[in-house]
Amino acid sequence: MAGGFTFVHAADLHLDSQFRGLQQFSEEDTWPEFVRREIRESTFTTLRRIVDLVLDRQAAFLLIAGDVYEAAEGSLRAQLRLRDELVRLAERGIPTFIVHGNHDHCGVKRPAITFPDTVHFFSHRDVEWYPVLRQGKEIARVYGISYPQRDVNENYALRFKRHREAPFAIGLLHCNVGGVPEHENYAPCKLQDLLASGFDYWALGHIHRPYQVLHREAPAVIYPGNPQGRHPGETGDRGCCVVTVGDNGRSTVEFVPLNAVTWEVKPVTIDGVENLDRLRERLVSVVGKVQETNRQRSVVIRLQLIGRGILHSELRKHHNAYDLLYELRESCVTEMTPFVWPETLQVLTRPPVDKDELAQTDTLLGDLLNLARQVREDPGLQQQLRASLDVLLNHHRAGRYLSHNNEEELWMLLERAEDMAIDYLQDGDE
Amino acid sequence: MRIKELYVDGFNILHDLVLSESDFRTNLTVFYGPNEAGKSTLMAFIRALFFGFNLKDEPAAEPLRGGRSGGHMVLEDEEGLTYRIERRQTGTKKGRVRLVLPDGTKRDESYLRNNILRGVTPLVFRNVFAFDVDELRRLEELRNEEVSAHVWGATTGLEAGKFSNALRKLNREMDDLFKPRGSKSRINKLLKEINALEEDIRRLRRQPGEYDFLQEQVRRLQKQREDLIAQKRKIEKRRGWLQGLLEARRIWIDLQDVRSQLEEIPEVAEFPEFGIERLDSLNERQRELNDEYRKKADELKVLTEKLNKLVIDEKILNHRLEIEQLEEERRLFVGRRDSLAKLAAETKRAAAAYEEEKARLGPGWTDEKVAAVDLSVAVAQQVQDFKSRLAGQDSVVSTSYNEWQNAQMTLEDKDREWKEAKRALETHVVPEAPTGVPLAERVNILNDITNAYHRLELVKIERNSGQQRLNDLQRQRRSMETPVSGMPKLFTGAVVILLVLSTMAAFLADPLFGGIFLVVDAAAAGLALRYRRQVKDRQVRQEEERRALDIKIREMENQLEDLASEEKDLCRRIKQGAAALVGRDELPQDELDGIRRALEDEKQAHQVRANLEQAVHKAEQALEGARTRVTEAEKRWRRAREEYEQLHREWEQWLERQGLPVTLDPTGALHFLDAVQKARDRYREWQRAREAEKEVREQVQGYLSRVNKVLANLGRPVAAVETAADRVISLRDDLRRGEEASQEYARLEEEIVKEKAALKRQEDKIRQVEEEKMRLMRAGGAEDEETFRHRAINYARRETLIKQRAELERQLQFIAGTPGDRERMKRELAQSSYPENEGELTRLNEEMAEIDDKYSAIGEQIGSLKNELERMEAGDDLAAKMLEKEMKLSLLKQVAEEWQVRQLCRTLLDLAREKHERERQPVVIQRASTYIRPLTSGTYRQVIAPVGQTDLLEVEDGSGRRVSVSDLSRGAASQLYLAVRLALAREYASMVSLPIILDDVLVDFDPVRLQGALGLLGKLAAEHQILMFTCHKHILEALRDTEVEFGLVELG
């Protein structure tokens, strides 16, 4: 070893991400441009923070383990911004090592952007390696391979062969170790494959959960997760890893959160809330707390109204819920970053009735509730209900964007349909 | 509840109709009569009693055949309690109702509505309890919520109309959300927007490819531009060459010409440079030198003549130094000479001034004495010192004198004050005391006497009142000595006897009277006994009071004795006091105030005297003090005066020592010293003036003697003081003239020597020029000047042509560039012509213009492509559109879920309804099903009511076939509705039971079904009062054919 050094390991930048699943409350709910811009820019802001981190920690090099771009063809903007940021590192002579993953695989042609010589994109043909030199002496050797196309079913880990003379061998790979079900099983491999390889550090990408340490030491096998959440499901703080390699070749890893926008989902119960004013106060308080705990980054918060209560029927009126959301934004959001933006207000409340009890009665509603429950056991009935949805789901235009419901989704819809039947048929409703 | 009695006073065509209890004996009562007999009116009257007159669709309430509008009805409930409902036409439209409860309480409309009718509205009553054949068939009324709620309410658990409203609402909402072929629903709109966004995104997605394409284009265009630049350079080079050719052709022709000229002139191998010019120049030089030689010889001649003419005065030149010295001092001499008179006058004036100052000091002051006075600062300081000391001591003397005078005046004041105080004391008189008892003691005695008098008065008053009280008590005691009077025993006995006798007499006369008397006797005896007991009690009480009075009297007597002895003591105290106070045995109370005033005056006088004595004492002390102060002040003054005199003697001695007049005081001494100073100053001034005058006079005389010495040496006459200056001027002028002549002589001598040397040099120069001319001609290969000149012309001509040739060659090279190019150019010039070159140049210019146009077009293309590339690099349109699309997709999913929830809800509702209709027909419909069989003689077995659609009733026949109401015959439909309405009436019975009134509803029934219907009504009547109106005899007959028990009321 030629003395200690530090490097930064990031993955899954998904530059220019589409941010699937962002919800407006309704068509009339228009979002201000500063919010949209902050979200659109968030992956780039995070990239800038990663580069700042590299400079700040005087890291020897930067690793990006795949899915640099959201789209394989890579938006022009994404590539130009990546280049601009990496130029900052190049100016200090800091090299960057990048492999492409399933999202930004090499199967399509990307615009010819010229990157600085210090930026190394690994080939998709076979594992390549680059030495990292400091004052003419090699301090580490980075091995990596990019995806030639989206679906890679081969265990790439087995292709990685360490050279005996490499002072500190790093494997840069976009893969699914152990078949994590929430992500596609690309470049599947087992942890044992990585441990047996003789490498000193496995810089992995593909799994978005923040800071997944599969093996702590000798070698450290780590997924840093995506540094910026891509949709409201990817909640909480995200970032990348700063790895410090000591003189003895032992590495210590520090996870540094640096996402620009944090996604949050906050359920707020209406239990015990007597009126809309009280509920408004409760929501303001929830948003206020989020504001207090997030002074460094913007938060897009999805508020879910849950529970049973007398407010259910009030909230079922579209304008009431929208007014709540609108007033909440009026009172909590200022046009300054970081901000807390209440994304939407999902009304998931239930009517204040005991459905089990209602199902016991010989009333029409009782029959309806029993029927809805019967669906789970009666494939014929289920089929009948599913068929009733086909007019929309198989519609020649709508069908392109809407998928058929899996069982869980169907049960959820049925539950809401039951609630709706109760709302519409019980006393008090118009 | 059933109708027990009914009375119509006046209602439409009904008047004074009485239906008594016997008419309603049975639960089924048939009202039979022809048309217009009043059957329907009677039903209307019953409705009016319940709900008011003038209801919609009811006959007018106004009596047409007499009577007061209104009437009453008696209802009987299940427990036999009766309620009387009376309604009269009043101002209000509905009329005024009076409800009499079983206990006689009277109530109003609201009680009737809430407690008797239990919320049954006129509509429900007309639908369920009292209807005619038209109303029976009015299908839509069954749809009414109030009614249909009863059909379904119990089993669906829903409010009336809920179900259909829910379905309508769901359908409406779903239409708002999505229509498969629509464009305005939310989902359809969203789809449209998403499509548009996708189109934009597709376009923007093509950007990377476009970007590459554009970059490639830029590169291609840049290459083209470079090619054009190369081409341009080539043309420019050729064009430059051609322009050179055109420019060089003239030069080239000249060069050819020069060459041919050179060949014609004979060659002169060498010739001195500038030979002709040099020859000309030497000739010219030779001429000039000769002219100059002649001129100089003339000048030498003139100079020699001038020298010979000059005369010089040597004598005066020998005295040059003295004369110059005298001339230098001449102006000073004149000044001194002229100032002599003024200086003499000044000396005189200063002497007089001095004498004047000296005289001021007094007689006997000589110059020496004046000079001897000491005028130093120390002396002046000593004078100042004496001055201040004398002034200080003088002030001490006058101050102490003033103090002595003041003390004397104070002494006089104090003496006066002492005398006045003594006089005041002597004149003050203190009154004489009546006794020898001291004043303070007498004051105490007076107070004691005053108190004794006050106490004496109180004692007297107490004694008088005590005496009176004693008298009263004694009087009271005496009055108690009389005993209490009882009833005289004799009188009692007499009465008893009288009573006994009268009783006996009465018995004898009539036992009744005897009895009466006996009763009277007994009463009298009772009264007498009671009276005796009261008298005895009074006597005991009197004895107790008497004893108490005796005690009080004794106490009072003791008290009076005490008071008498106190009075005596007081008189003694007064007497003793009077002796001490006024020296008398007695002192009446009215004198007390006078004595008090006298004592006050005495006290006052003593106080004044004491004050006066104190004042005299104080004045004496002050007087003594003043005397002491006068003595001390006088001492101080005398001491101060002595000190002053001593100081003054010292001063006089000091003056003497200083040689100053002893009469001077310090201020005067200071003035005198100033005067001495002035005199001394004047003396010094006079001495200075005298010395100045003497000095000037000596200088004037010295100058004059020096002048006369020089004049004597030169042999000239002697000068006086007044002429000395002029004579010096004349000497000066003569000296200057002599010097000038001497200088001119020396100069001329020097010039003549110089001129001679110059003439010699000129001769040498002329000779040198001649030699040089000879050398030049030899160098030009000529022996004479003419040959030389001819050879020079040929040589110069050749030289010029050679230079021209070289210059033309140089110009050609300048145009062509390198020597090689020049040779190439010469060749090309020889091979081509001017028009050929010009033609080619024009062609090239045209080509060049074309290339320039192409070049700028390509530049513009590159610029616009680069702009496009920059725009693509900077733009985030794609990201914005993608975000927009994702948000729309989310919204689409959200809205799609809304639709799916509603769709599922609707499907579930349909399924539930189907199940409900199949499995849970409402009780009403179930009951109607049991009625439909007898009503349709078994044709139909079941009535079916689809949920929420009570107007779409269906019947099912024995084979299970369902027939909807619209497909039934008029009669069968009537039977179906009668079944439903009767079932409803039964349903209502659980809440409120009202009589059922059927106004000829069985007219459509065939005989068989009529029989069935009447049988059914008979059965129902067991639990429900039914009033059946008919004008059809066959119905009455049919009823009679049944075993149903009924009452009959014939109307009309």
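Trainee: Why are H1(A) and H2(A) called roughly parallel to each other?

Mentor: In this predicted model, helix H1 (residues 33–56) of chain A and helix H2 (residues 76–91) of chain A pack at an angle of about 10°. Angles under 35 degrees count as roughly parallel, and H1(A) and H2(A) are therefore described that way.

Trainee: What is the distance between the axes of H1 and H2 of chain A?

Mentor: The axes lie 10 Å apart. Two packed helices are described by both the angle and the distance between their axes.

Trainee: Which residues make H1(A) and H2(A) meet?

Mentor: H1(A) brings Phe44(A), Leu47(A), Arg48(A), Val51(A) and Val54(A). On the H2(A) side are Arg81(A), Leu82(A), Glu85(A), Arg88(A) and Leu89(A). By class, the contact of H1(A) with H2(A) holds six nonpolar, no polar and four charged residues.

Trainee: What makes Arg48(A) and Glu85(A) count as residues of this contact?

Mentor: Arg48(A) is listed for H1(A) and Glu85(A) for H2(A). The criterion for a contact is C-beta atoms within 7 Å.

Trainee: What makes helix H3 of chain B mostly covered?

Mentor: H3 (residues 122–129) of chain B has eight residues, and six of them are buried. They are Val124(B), Phe125(B), Arg126(B), Asn127(B), Val128(B) and Phe129(B). To be called buried, a residue needs 20 or more other C-beta atoms within 10 Å of its own.

Trainee: How much of each whole chain is buried?

Mentor: For chain B, with 1052 residues, the buried part is 23%. In chain A, with 430 residues, it is 43%.

Trainee: What share of the contacts joins residues at least 24 apart in sequence?

Mentor: In chain B the share is 75%, taken among contacts between residues at least 6 apart. For chain A, residues 24 or more positions apart account for 73% of contacts with a separation of 6 or more.

Note on methods
Residues numbered from 1 in each chain as written. Chains lettered and ligands numbered in written order. Predicted model: local features only at pLDDT ≥ 70, side-chain atom pairs only at ≥ 80, totals over all residues. Axes fitted to C-alpha atoms, helices over the stretch in contact; angles between N-to-C directions. Helix = DSSP H or I, 4+ residues; strand = E, 2+ residues; numbered from the N terminus. Parallel < 35°, antiparallel > 145°, perpendicular 65-115°, else oblique. Contact = placed C-beta atoms within 7 Å. Nonpolar A, V, L, I, M, F, W, Y, C, P; charged D, E, K, R; others polar. Buried ≥ 20, exposed ≤ 12 C-beta atoms within 10 Å, placed from the backbone.
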